[in-house]
Amino acid sequence: MVTPTVVVAGASGFIGRYFRRRFAAEGWQVRTIGRDTSADAQWNDDGGIAKALNGAELLVNLAGRTVNCRYNERNRREILDSRVQTTRSLGVALSRCDEPPRTWINASTGTIYRHAEDRPQSEIAGELGSGFSVSVARAWEDELAAASTPLTRQIPLRIAIVLGRDGGVMGPFRNLARLGLGGHMGRGTQKFSWIHVEDLFHSVLFLHERPELSGPVNAASPYAVDNRELMSLVRRSLGVPFGVPTPAWLLGMGAVIIRTETELVLKSRWVEPRKLVEAGFAFQYPALADALNAISRSSR
């Protein structure tokens, strides 16, 4: 039996490290593309990227600078370039392959949809938003669509906030809760769409195995919660009995101090994974309480 090969681009981050371990555990040969010299190919080496991709079964691109920063001019440029230019490099390299991967799953973001408290945003009926984060997401997906890969199916994966033991956004939330500051943020009615990193991994395998699925796919639990419920569940998973709420004006001051943006907690992201659900994908962690409890247990 031939061992399948996956290429993970942007493999040094929280999700990338997890995917490398899980693909290897599932019997895949893993090649990597990144800025680190330990990667099989570096971003400034088009020939090396093409060599890494040739003969592989699957390409998963997770490259992108963190958005957990202040959106000054320099950071905006780095956030955009780290997504668009890496996607462009992969498209060029794929065009040079004699045996390109049959599936290219390129990370995108559920933030591409508008602030939504009225109804969930599906791939079919979702409404795209406006602002810097949305413009980055649009450019990211446009670059993927512009790549000429007739032998490779392209899927922009609109990923919700990813939860897991070794990274993601849960660290700051849990730290706030431990300090007694784990109450709701702003009005607390904003939706929080999320996905456990293990479900994200299995959704990638699921999509690769189903060639009938194409176009943007939302990767999120089917059960979004609002911020009030989120913080309540975070406190419960840690055994913290109460949490002081944080008004929006105070969040704005704090964001400047810790050099981030309030959008990360105040925007209502209500992402509906309609394509995955209708195709029969089974979530291991559909409920946030179970996901947080699993993360808390594994972190002890």
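Student: Which residues is Gly-129 in contact with, leaving aside its neighbours within four places in sequence?

Tutor: Contact means that heavy atoms lie within 4.5 Å. By that rule, and with neighbours within four places in sequence set aside, Gly-129 is in contact with Ile-112, Tyr-113, Arg-114, Val-134 and Arg-138. Please bear in mind that this is a predicted model, in which local features need pLDDT of at least 70 and side-chain atom pairs count only at pLDDT 80 or more, while totals for chains, interfaces and linings use all residues. Residues are numbered from 1 along each chain as its sequence is written, and side-chain values use heavy atoms, with hydrogens and water left out.

Student: Where does Gly-129 lie, and why does Gly-129 count as buried or exposed?

Tutor: Gly-129 lies in the loop between strand E5 and helix H4 (132–146). Helices (H or I, at least four residues) and strands (E, at least two) are DSSP runs, numbered from the N terminus. Buried means under 20% relative accessible area, exposed means over 50%, and partly exposed is in between, with a 1.4 Å probe and protein chains only. Gly-129 has 18% relative accessibility, and therefore counts as buried. The C-alpha atoms of Gly-129 and Arg-114 are separated by 3.6 Å, although the two are 15 residues apart along the chain.

Student: What makes Gly-126 buried, exposed or partly exposed?

Tutor: Gly-126 has a relative accessible area of 25%, so the class is partly exposed. Gly-126 is also placed in the loop between E5 and H4. Leaving aside neighbours within four places in sequence, Gly-126 is in contact with Tyr-113 and Gln-121.

Student: Why is the pairing of Glu-78 with Arg-74 called a salt bridge?

Tutor: A salt bridge is a side-chain nitrogen of Lys or Arg within 4 Å of a carboxyl oxygen of Asp or Glu. The closest N and O atoms of Glu-78 and Arg-74 are 3.2 Å apart, and the pair forms a salt bridge. In general, side chains of opposite charge can pair when their charged atoms come close. Glu-78 and Arg-74 are four residues apart in helix H3, and so about one helical turn separates them. Glu-78, at 29% relative accessibility, counts as partly exposed, whereas Arg-74, at 62%, counts as exposed.

Student: How many salt bridges does this rule give?

Tutor: The count comes to 14 salt bridges. One of them joins the side chains of Glu-127 and Arg-119, at 3.3 Å from N to O. Another is formed by Arg-210 with Glu-209, whose closest N and O atoms are 3.7 Å apart. Salt bridges that share partners also join Arg-114, Asp-118, Arg-119 and Glu-127 into one network.

Student: What makes a set of residues a nonpolar core, and how many residues has the largest one?

Tutor: A nonpolar core is a set of buried Ala, Val, Leu, Ile, Met, Phe, Trp, Tyr and Cys residues joined through side-chain atoms within 4.5 Å. The largest has 33 residues, and those with the most contacts inside it are Phe-19, Phe-23, Leu-157 and Leu-200. Among the elements that give two or more residues to this core are helix H1 (14–25), strand E6 (153–159) and helix H6 (197–208). The largest share, seven residues, comes from H6. Apart from this core lies another, of 20 residues, including Trp-194 and Leu-251.

Student: How do you know that Ser-268 is buried or exposed, and what does the side chain of Ser-268 reach?

Tutor: The relative accessible area of Ser-268 is 0%, and therefore Ser-268 is buried. Ser-268 is found in the loop between helix H9 (263–266) and helix H10 (274–278). The side chain of Ser-268 reaches the backbone nitrogen of Lys-191 at 2.7 Å.

Student: Where does Phe-242 lie, and why is Phe-242 called buried or exposed?

Tutor: Phe-242 lies in the loop between helix H7 (227–238) and helix H8 (248–258). With a relative accessible area of 53%, Phe-242 is therefore exposed.

Technical notes
Polar contact = N/O pair within 3.5 Å; in protein donor to acceptor, adjacent residues only side chain to side chain.
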